[in-house]
Amino acid sequence: MAIGIGKTAMKKYGRILHAMLLMVLAVACKPKNTVDFDKEQAHIVIAEAWENTYPAILKKIKAPIFRDTTVVITDSVDFRNRVNEQITALSKAGGGMVRVVAGYYEVKGSIFLKSNIRLQLDEDVTLRFSVNPEDYLPVVKSRWEGTFLMNYTPLLYAIGAKNIAITGKGLIDGRAGDFWHGWKEKQDPDKQLLRKMGNDKVPLKKRVFGAGHYLRPSAIEFIDCQNILLEDFTVKGSPFWTVHPVLSENITIRGLTIGAGTTNDDGIDPESCKNVLIEACAITTHDDCIAIKAGRDQDGWGRPPSENIIVRNTSFETQVGSGFCIGSEMSAGVRNVFVENCQLGNSEKHAFQFKSNPDRGGFITQVFMRHITVGKVKKGFEFTTDYKGWRGNAYFTKYRDFYFQNIHIKEATEAPIVVEGRSEEPIQRVYFENCDIDSSPQAEVLLNATDVLFENSKINNNLLPTN
């Protein structure tokens, strides 16, 4: 007797077979580097990054070219207003160079860069900026520790400009030690208010600080700009972060000498920027030397990440910061970061730090570092996912794909390597090759981390296990 199968049953069996086929295909098509991560796979990723991605990024970074028209400034009387007038007039005329010749200039307020302007500071130029907060009013759009606000104008500022540069062998002195350092102890109420405004998505026009508040301005801050060149000059004594491009693209920072301020004087902090080259700089700071940023918590979400960033042939020296770090303001994400041929002298904290917390969300991925020497630090490598300031949320940051090669640290006085993720979101795929820490009081710490591999790497001359 024949047994018939009705249409309803046929549809049911068909759906089951279809689901099984999709499962088989999903397993077959799963990316190889999500399972069985090993040295061979790491080398495939590394080769692709350095041989293809790295040169492709470099091709996209081109210094701006300026019209062959020069305005020379020699008079120090009312210098700030005069230089701003010349910048504005020359920009309207098509651009060119505003050249400041050797001399000592008191700068009573901010200098505003405009499109197609190269500000040339000749050798033996000193720009000595005012320490009167009123000189940096009215307020402008700025970003303070990853949150947008209306605040005191940075010492050198641009917004929405294209083709801008500061070049030459001159000196920019922000004089943090003369005045601004005192605001560190007064800023906490304003800092907490701003963070709440960012969390609550308060409109920018209502985030007004400036007069009566204590959030220090950066030295150099460019927002929403394209085609930037910063070359050869010295800048020291920044009230806050020193060089801080935001939401900007195609940036060359070359040959700068950055001297310390007092506190929170990060050297170079590209934030939500794309296609950035930092090379041949000498950075000495109290805080982090280079910190890649991308916005803080809710105020960073939905905005561009920081991506395609190259740091090379640069020396670092920091007192209480990291030589190189990503975060902690990184909520829009950070990816495609290359660091090579650098030297860090000493630090009371970290050589390399990657920091976030569960307020941040976002991601840090595709980080490649090689050929770096380090002196004496507190910690060598630190991955932390509970960095200070956590408000108790559960927006876990994704850490993926970090590749370290040929890195030598003389001494890590507290910890050599700490890779500490979270059970909710483990750190994945961290590869160390030819990485040596000569002296440290403890072994590596690996918590809530998967696929952390060591190849020919040592702590206290003891070879770390390869798997």
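These notebook entries record what I looked up in the structure, one topic at a time.

**Ground rules.** I worked from a predicted model, in which local features need pLDDT of at least 70 and side-chain atom pairs count only at pLDDT 80 or more, while totals for chains, interfaces and linings use all residues. I number residues from 1 along each chain as its sequence is written, and side-chain values use heavy atoms, with hydrogens and water left out.

**Parallel sheet.** I looked up an open sheet of 4 strands, which has the order β4-β9-β12-β15 with parallel pairing. Since β4 (111-112) and β15 (243-246) stand at the edges with a single partner strand each, one side of each is left without a neighbour in the sheet. I take strands (E, at least two residues) and helices (H or I, at least four) as DSSP runs, numbered from the N terminus, and I call two strands paired if DSSP finds at least two bridges between them.

I then followed the pairings across the sheet. Strand β9 (residues 156-159) runs parallel to β4 and is joined to it by 2 bridges, with F112 having Y157 in β9 as its bridge partner. Between β9 and β12 there are 4 bridges, again parallel, and here A158 has F222 in β12 as its partner. Strand β12 (residues 220-223) pairs with β15 in the parallel sense over 4 bridges, and I223 stands opposite V246 in β15.

**Cores.** I next asked which residues have the most contacts inside the largest nonpolar core. That core has 92 residues, and the ones I noted are I111, F324, F352, F354 and F404. By a nonpolar core I mean a set of buried Ala, Val, Leu, Ile, Met, Phe, Trp, Tyr and Cys residues joined through side-chain atoms within 4.5 Å, where buried is under 20% relative accessible area, exposed is over 50% and partly exposed lies in between (1.4 Å probe, protein chains only). Leaving out residues up to four places away in sequence, I111 touches residues including F79, L119, F129, L155 and Y157; contact here means heavy atoms within 4.5 Å. A second, separate core of 16 residues includes F37, I46, Y54 and Y403.

**Helix α4.** Helix α4 (residues 188-199) has 12 residues and reaches 16 Å from its first C-alpha to its last, close to the 16 Å expected at 1.5 Å a residue, the expected span being 1.5 Å times one less than the number of residues. Its buried residues are D190, K191, L194, R195, M197 and G198. Just after α4, K201 takes a positive phi of about 60°.

**Cysteines.** I found 0 disulfides in the structure, counting as one a pair of cysteine sulfur atoms within 2.5 Å. C325 counts as buried at 0% relative accessibility. For C342 the closest cysteine sulfur is in C281 at 9.6 Å, also too far for a bond, and C342 counts as buried at 1%.
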